[in-house]
Amino acid sequence: MTVGIEPMLPADAERCAELERALFAGDGPWSAQAFRSELASPHVHYVVARDGDLLVGYGGIALLGASPSTESEIHTIGTDPGYQRRGIGGALLGRLLALADRHGGPVFLEVRTDNEAAIALYRREGFEIVGTRKNYYQPSGADAYTMRRPTRIAAEDVVGR
């Protein structure tokens, strides 16, 4: 299997919404229009994973603020249930974190407190739990951890020094 990561296109919104319904049914899955609205924002960047022509994952990040008050926020990451545990979520996260590292500042995200696989992935990438948001996900009422990864210097910045 060769999965490629590329920028999300507006035409991908329907498939992303379909995956949202499968992955996050009890937590207010995003609609296709929500994805299209996100894509229209200049500070938000989305990527998708494709196995051939099939979109099998997606992820998005907001790059916020200007130096010296920059930070980023992972908005979502999702992988088709039939493709999970194959490194696709990690590849999507890696691409988003590369954008964040070029932008500068810490990276934040929220994750369900019972999503052990995602929490383990985020910890491997340097995220730490910094708080808990009670009843964060609706309508399920599930709690979320807020996680933070400290500022990292982008690899090209190190090479250029």
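1. R86 lies over the face of Y83, at 4.8 Å from the ring centre. The model is predicted, and this placement, like every value below, is computed from it.

2. In the loop between β4 and α3 (88-103) sits R85. Its phi is near 70°, a positive value in a residue other than glycine. R85 has a relative accessible area of 75% and is therefore exposed, the cut-off for that class being over 50%. A second residue to check for its backbone is N135, with phi near 55°, again positive and again not a glycine. N135 belongs to the loop between β6 and β7 and, with a relative accessible area of 48%, is partly exposed.

3. Two cis peptide bonds deserve a look. One runs from S67 to P68, with omega near 10°; P68 is placed in the loop between β3 and β4. The other joins Q138 and P139, where omega is about 10°. P139 is in the loop between β6 (128-133) and β7 (144-149).

4. The loop between β3 and β4 (71-79) also holds T70. T70 counts as buried because its relative accessibility is 13%, and buried means under 20%. A polar atom of the T70 side chain lies 3.1 Å from the backbone oxygen of G104. For the backbone nitrogen of G105, the distance to a polar atom of that side chain is 3.4 Å. With neighbours within four places in sequence left aside, T70 is in contact with L64, G65, H103, G104, G105 and P106.

5. A search of the whole structure finds six aromatic pairs. In one of them, F35 and Y58, the ring centres are 5.4 Å apart and the planes stand at 85°, so the pair is edge-to-face. The pair links distant parts of the chain, with F35 in helix α2 (residues 32-40) and Y58 in strand β3 (residues 54-64), 23 residues apart. F35 and Y58 are both buried. Ring pairs also join W30, F35, Y46 and Y58 into a cluster.

6. E20, in helix α1 (residues 13-23), is a buried residue without a salt bridge. The nearest side chain of opposite charge is that of R21, 8.8 Å away; a salt bridge would need a nitrogen within 4 Å of a carboxyl oxygen. Apart from neighbours within four places in sequence, E20 is in contact with A25, P29, W30, F35, Y58 and T76. Among these contacts, W30, F35 and Y58 are members of the aromatic cluster.

7. Helix α1 also contains E18. At 41% relative accessibility, E18 counts as partly exposed. The C-alpha atoms of E18 and A32 are separated by 8.3 Å, the two residues being 14 residues apart along the chain.

8. The search for salt bridges over the whole structure finds 10. One of them is formed by the side chains of D27 and R112, at 2.6 Å from N to O. D27 is in the loop between α1 and α2 and R112 in strand β5 (residues 107-112), so the pair ties together parts that are 85 residues apart in sequence. D27, at 13% relative accessibility, counts as buried, whereas R112 is partly exposed, with a relative accessible area of 24%.

9. D101 and R149 form another salt bridge, with the closest N and O atoms 2.2 Å apart. This pair links distant parts of the chain: D101 is in helix α3 and R149 in strand β7, 48 residues apart. D101 and R149 are both buried.

10. R133 and E110 meet through their side chains in a salt bridge of 3.2 Å, N to O. The pair ties together parts that are 23 residues apart in sequence, because R133 lies in strand β6 and E110 in strand β5. R133 is partly exposed, with a relative accessible area of 40%, while E110, at 19% relative accessibility, counts as buried. Elsewhere, salt bridges that share partners join E6, D12 and R50 into one network.

Key: Residues are numbered from 1 along each chain as its sequence is written. This is a predicted model: local features need pLDDT of at least 70, side-chain atom pairs count only at pLDDT 80 or more; totals for chains, interfaces and linings use all residues. Side-chain values use heavy atoms; hydrogens and water are left out. Helices (H or I, at least four residues) and strands (E, at least two) are DSSP runs, numbered from the N terminus. Buried means under 20% relative accessible area, exposed over 50%, partly exposed in between (1.4 Å probe, protein chains only). Lys and Arg count as positive and Asp and Glu as negative; His and the chain ends are not counted. Contact means heavy atoms within 4.5 Å. Rings of Phe, Tyr and Trp (its six-membered ring) pair if their centres lie within 6.5 Å; planes under 30 degrees apart count as stacked, over 60 as edge-to-face and the rest as tilted. A charge sits over a ring if NZ of Lys or CZ of Arg is within 6 Å of the ring centre and within 35 degrees of the ring normal. A polar contact is a pair of N or O atoms within 3.5 Å; within protein, one must be able to donate a hydrogen and the other to accept it, and residues adjacent in sequence count only if both atoms are side-chain atoms.
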